[in-house]
Amino acid sequence: MTKPKDMQQNSLLLLVLLLLCFSVWPGLGQPVQSDDLQTLLEVKKSLVTNPEYENALQNWNSDNPKFCNWTGVTCRGRVVIGLNLSDFDLTGSISPSIGRFSNLIHLDLSSNSLVGPIPTALSNLSSSLETLHLFSNQLTGEIPSQLGSLVNLRSLKLGDNDLTGSIPETLGNLVNLQTLALAKCRLTGPIPSQLGRLVSLQALILQQNHLQGPIPPELGNCTTLVLLTAALNSLNGSLPAELSRLGNLQKLNLGNNSFSGEIPSQLGDLRNNLQYLNLAGNRLQGSIPKRLTGLENLQTLDLSNNDLTGEIHEEFWNMNQLQDLVLANNRLSGSLPKSLCSNNTSLKQLVLSGTQLSGEIPAGISGCQSLQALDLSNNTLTGRIPDSLFKLAELTILYLHNNTLKGTLSPSVSNLTNLQELALYHNDLEGKLPKEIGFLSKLEVLYLYENRFSGGIPTEIGNCTSLKSIDMFGNHFSGEIPTSLGRLKELTLLHLRENEFVGNVPAALGNCHKLTILDLADNQLSGSIPSSFGFLKSLEQLHLYNNSLQGSLPSSLINLKNLTRINFSNNKLNGSISPLCGSISYLSFDVTDNEFEGDVPLDLGKSPSLDRLRLGKNQFTGRIPWTFGKISALSLLDVSSNSLTGNIPLELGLCKKLTHIDLNDNFLSGAIPPWLGKLPFLGELKLSSNQFTGSVPSEIFNLTKLLVLSLDGNSLNGSIPQEIGNLEALNVLNLGKNQISGQVPSGIGKLRKLYELRLSRNILTGEIPVEIGELQDLQSALDLSYNNFTGEIPSTISTLHKLESLDLSHNHLIGNVPGQLGDMKSLVYLNLSYNSLEGKLKKQFSKWRADAFVGNAGLCGSPLGHCNNKKQQGGLSAKTVVIISAVSSVAAIALIVLVIVLFFKQNLALFKKGRGGNSAFSSKSSSSEAPLFSHGGAKSDIKWEDIMEATHYLDDEFVIGSGGSGKVYKADLASGETVAVKKIPWKDDLLSNKSFNREVKTLGTIRHRHLVKLMGYCSSKAQVLMEIVTGKKPTEGVFGEETDMVRWVDTVLGSAAREKLIDSELKPLLPCEEEAVYQVLEIAIQCTKTYPQERPSSRQACDCLLNVFNNRGASCREMQTDSGK
């Protein structure tokens, strides 16, 4: 009974076992097939996120259950063992479901655009996975430490992703790993020493990360390594000698790290297999180990960019397998051996630039017959380039620049028919460029700049049709630019600046359609800009400055849409600049010092990246374009020396990067806008010689980075605020020639970086602040002249030990001249004239001209006259009178009109007892109404106006006689009387004026029947000055009892309409001449004051006129000098 029961139990057990076998045996159970199918569909769903690329996995669908035939799927039987989806343009992420393929051997998802982390579920494949390639994606996160459980892994490539964090130490458990590639990620931290346990490792690729720390010596245990590269990291420390145990190593690349110390000589033990050794770009020191020359299979040795010293061992030239020797940029020494390449004919690349080599290039270099690249640049090589060098027919690159090579370029250069790049710049080569250069049909780069080549460029250069770059800057090439350059269709750079080319710019250059940079500046080119330049649509930079080009711009230039930099400055170009406004990509724009005219185009404001805009020294008119406010990158704006009008546009306040603003020498008007004070980086503000009015806005004094503030030559008023001291960075402050009043604040002393201070020709009052002595960097000038300063000269000025020019003239300063001023060794100009200084000058001042001190009545001592020890009395000595008379007569430019009554035919008896009188009336007393003579025996009602009307203002028609001292006019007065009028001009000769004085005195006292009696005389200097300047006569209808000529001039001169005072016949005037005219009128006004004590003496008036004349001449010369620049 028990046996059947046991048999039944055994049968049930057998059934269960069979069912289990069907469920787990590969390919035998339908559940396995169903699971892999479902897993693959989940993987597809994760990998494909862009429907455009779904075609790549189009056959991955449930309608096609034969998944082993799907793209990229490999099966063994019915089990998935491989997924290769490399370069399928996948954009999704890696599904953790892949971890369910328990028999997966190969997984390659490289070269896609997958994102997200590496799933830790991949560690479930530990029993089968041998290949894991996820490189060249966009994976992020850290490398999962769980990957260290994939003990069967042979190849792990995760490079070229955005992986971060450190290299997991657990990777040291992958004892079967042969390739570990983690390059081009963002990995940090050290190289784990546990990697030294990877005894099967053949390739370790860690380059282009951010790894730090030393190379672990344990890597020396990886004796199967063939490739070790950890370049382009931040590894440091010394190189471990244990690397010499890597006997199978063929390539060692540790370049571009921060390794220090010496190169281990033990690396020479890798003699059997090492083919590539790169230690470039580190901080290695010491000499190059001689044992490295024993690396008999070495093909490439790169030790460049270190701090190696010593000579190059001669044995290097005997390494017959060596193809690339790169030792550039070390502190090596010595010279090239004469036997160079005698035992090595394999050398293809020799790079020894920047190795402090000296001596000559040996003729034996011709032995390097395989040489393709030779770089001996940046050394101190001397002598000529040997002809034997031109026997290296395989050369493609020849760099000899930055040496001191001499001589000419041999015609044998034509032998280098494979040459692609020739760089000889910055040597001392001379002579003509040989026409044989035309045989170099493969030449792409020709750099000859900064030599002494001369003569013309040979036309044969047009045969070098592969040329892309030509740079001949800074030579002495002459003649015309050859038109054959137009045949160079591949040319992108043509740089011929700073030569001696003449003639026209060749129109053929317009055929070089690939040109991006064309620089012909600093030559002697003439003619116009060719219209063919409009075909250079790839042009980005066009520089033609410092030539003699003329004419208007061709309209075709509007086609140059890619221009970023243009410089046409210092030519004679004219017309409009609108043809240059086709580009909206400008970075710099300079047309300074030409003859361009018309409005500044609004389109210039369409380049938001424009950094520097220079339009100065042209003839532009109209307003500053408001569109400049759109140039967000603008840092420099120069529109100086034009004829621009109107206000400064408000929109410029949007250019927050402005550092330099130069609007000098225009006709800009209105108030200085306060928003200028809100430009945070403004360093120079130049608004000189315009027509700005109002006070300086207080916001300007918030510009803490301001270096130059020039507001001179305007009509600004108000005072200088104490806040001026906020401009602590200021170097130049020029507020001259304005109407600024008040005192100079003590805050001026805070401008300790000030180099130049000019406040002249204002209405400043008070004492000169002693704080000026704190401006210890003041050097160029301290000019406070033509103001109303009072008090004494501060002795603190003498502490300005760098000051070169000091002008305190034409003020009301008193007291002694501080002797310390005479001790200022830096001073080359001194002017203290026309003040009220007194006392004896110290002997230190004897070296200065007397002009520096004139106009100070109380001053004496050298260079002025000797001091009178006796106390001077109230009157002047006869000698002093003569001196004053002489000085006052030097510059008298007015006419003295003498009215002499010579003869009264019918009333002579009435005057026999009369006495001659004289009176000099002020013009302000209305000379047309005042009697001509206030004293005299008869007819005292004769008026100046009567005489002028009778003689038509002393017209030559009424002349009845002339002599050495003047002309005599006949005047028939309206009253019926006839008088004779003698006009005697004021002489510059002292004796002549004395003669005049004697004549007047004699005629007034002598009685004789043949002499007429002198009735009187008058002198009108000031009014004559007004007549000359205004072109008006005192008798014109515009003047009357209420407003005479003097009162009219005085009123208009102080208004904004003062230009109406100048006679149209005198116009046009230069700005310096116009200013002089106004000053002459101011002097004339002073001379017409009612009270004598208010009027300047004749001497003072003459000195003022002299000063105006001299200043006008100096200002005009300065303008001519500036325009010459």
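**Close-up views of a predicted model**

Phenylalanine 845 has 0% relative accessibility and therefore counts as buried. The structure shown in these views is a predicted model.

**Figure 1. An edge-to-face pair of phenylalanine 845 and phenylalanine 853.**

**Figure 2. Aromatic pairing around tyrosine 425 and tyrosine 449.** By the ring-centre rule, the model holds 10 aromatic pairs. In one of them, tyrosine 425 and tyrosine 449 have ring centres 4.2 Å apart and planes at 10 degrees, so the two rings are stacked. The partners are 24 residues apart, and the pair links distant parts of the chain. Tyrosine 425 belongs to the loop between strand 27 (421–423) and strand 28 (430–431). Tyrosine 449 belongs to the loop between strand 29 (445–447) and strand 30 (452–455). Both tyrosines are buried. Ring pairs join Tyr425 and Tyr449 with Tyr447 and Phe473 in a cluster.

**Figure 3. The surroundings of asparagine 499.** Asparagine 499 is found in the loop between strand 33 (493–495) and strand 34 (500–504). Its relative accessibility is 6%, and it therefore counts as buried. A polar atom of the asparagine 499 side chain lies 3.3 Å from the backbone oxygen of arginine 497. Leaving aside residues up to four places away in sequence, asparagine 499 touches Met472, Phe473, Gly474, Asn475, His476 and Phe477, along with Asp522 and Asn523. Among these contacts is Phe473, a member of the aromatic cluster that includes Tyr425 and Tyr449.

**Figure 4. Two charged side chains placed over aromatic rings.** The charged end of arginine 78 sits over the ring of phenylalanine 67, at 5.5 Å from the ring centre. Lysine 251 lies over the face of tyrosine 276, with 4.8 Å to the ring centre.

**Figure 5. The whole protein chain, for context.** The secondary structure consists of nine helices and 66 strands. Of the 1125 residues in the chain, 49% are buried. Contacts between residues at least 6 apart in sequence include 49% that join residues at least 24 apart. The accessible surface of the chain is about 51100 Å², and carbon and sulfur atoms account for 49% of that area.

Notes. Residues numbered from 1 in each chain as written. Predicted model: local features only at pLDDT ≥ 70, side-chain atom pairs only at ≥ 80, totals over all residues. Heavy atoms only, no water. Helix = DSSP H or I, 4+ residues; strand = E, 2+ residues; numbered from the N terminus. Buried < 20%, exposed > 50% of the residue type's maximum accessible area, 1.4 Å probe, protein only. Polar contact = N/O pair within 3.5 Å; in protein donor to acceptor, adjacent residues only side chain to side chain. Contact = heavy atoms within 4.5 Å. Phe/Tyr/Trp six-rings, centres within 6.5 Å; stacked < 30°, edge-to-face > 60°. Lys NZ or Arg CZ within 6 Å of the ring centre and 35° of its normal. Areas by Shrake-Rupley, 256 points an atom, 1.4 Å probe, with all protein chains shown as cover.
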